[in-house]
Amino acid sequence: MAKAVRVHGVGGPEVMVYEDVTVGQPGAGEVRLKQDFVGLNYIDTYHRTGLYPNPLPLIPGSEGAGEVISVGAGVTGFKPIGAYASERLIPWHRLIKLPDSISTEMAAGMMLQGMTVEYLVRRTYPVKKGDTVLFQAAAGGVGLIAC
């Protein structure tokens, strides 16, 4: 049986419960993913505390990395790889194939921050040579990657 950290009511870390969950078979356009690693991001705490409301119960987390173990109808470019572990269903178009040089551990903790940096310095404001950029804190993932 798969395991997940679920939040049944908003609050501090004490509202997180590690429990068994049932993961069904993937539907059209979904894959079943065995997650090797997950990333912990500030936004996850915002969801848990209710600052950014979500329907409950909630399984927090917006990034992870692992192996596809089954695919639903219409999914191309991914194939199942069998393994025993905690799993989830996810739309196939939200997956990124990792090159051999990037481990699942590394990928689980860098994708959301990396995409945030790309969005900020390429699309929100295209930073160019000669621009001055102030980072208020380079201690988090976004600041570290940007710097």
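Helices and strands are taken here as DSSP runs, numbered from the N terminus, with at least four residues (H or I) required for a helix and at least two (E) for a strand. On this basis the predicted model follows the pattern β-β-β-α-β-β-α-α-α when read along the sequence, which amounts to four helices and five strands.

The C-alpha trace of the protein spans about 55 × 40 × 25 Å along its principal axes. Of the 147 residues in the protein, 24% are buried, and the accessible surface comes to about 9,800 Å², with 60% of this area belonging to carbon and sulfur atoms. Among contacts between residues at least 6 apart in sequence, 63% join residues that are at least 24 apart. The charged side chains comprise 13 positive and 13 negative groups, and the centres of these two sets lie 6 Å apart.

Confidence in the prediction was examined both for the protein and for its elements. The protein averages a pLDDT of 84, and 93% of the residues score at least 70. Among the elements, strand 2 (residues 16-21) has the highest mean pLDDT, at 91, whereas strand 5 (residues 87-91) has the lowest, at 69. Over residues 81-85 the pLDDT stays under 50, and for this segment the model has eight contacts beyond four places in sequence. Where pLDDT is low, the predicted coordinates should not be read in detail.

Technical notes. Residues numbered from 1 in each chain as written. Predicted model: local features only at pLDDT ≥ 70, side-chain atom pairs only at ≥ 80, totals over all residues. Heavy atoms only, no water. Buried < 20%, exposed > 50% of the residue type's maximum accessible area, 1.4 Å probe, protein only. Contact = heavy atoms within 4.5 Å. Areas by Shrake-Rupley, 256 points an atom, 1.4 Å probe, with all protein chains shown as cover. Lys, Arg positive; Asp, Glu negative; His and termini not counted. Charge placed at Lys NZ, Arg CZ, Asp CG, Glu CD. pLDDT = per-residue confidence, 0-100.
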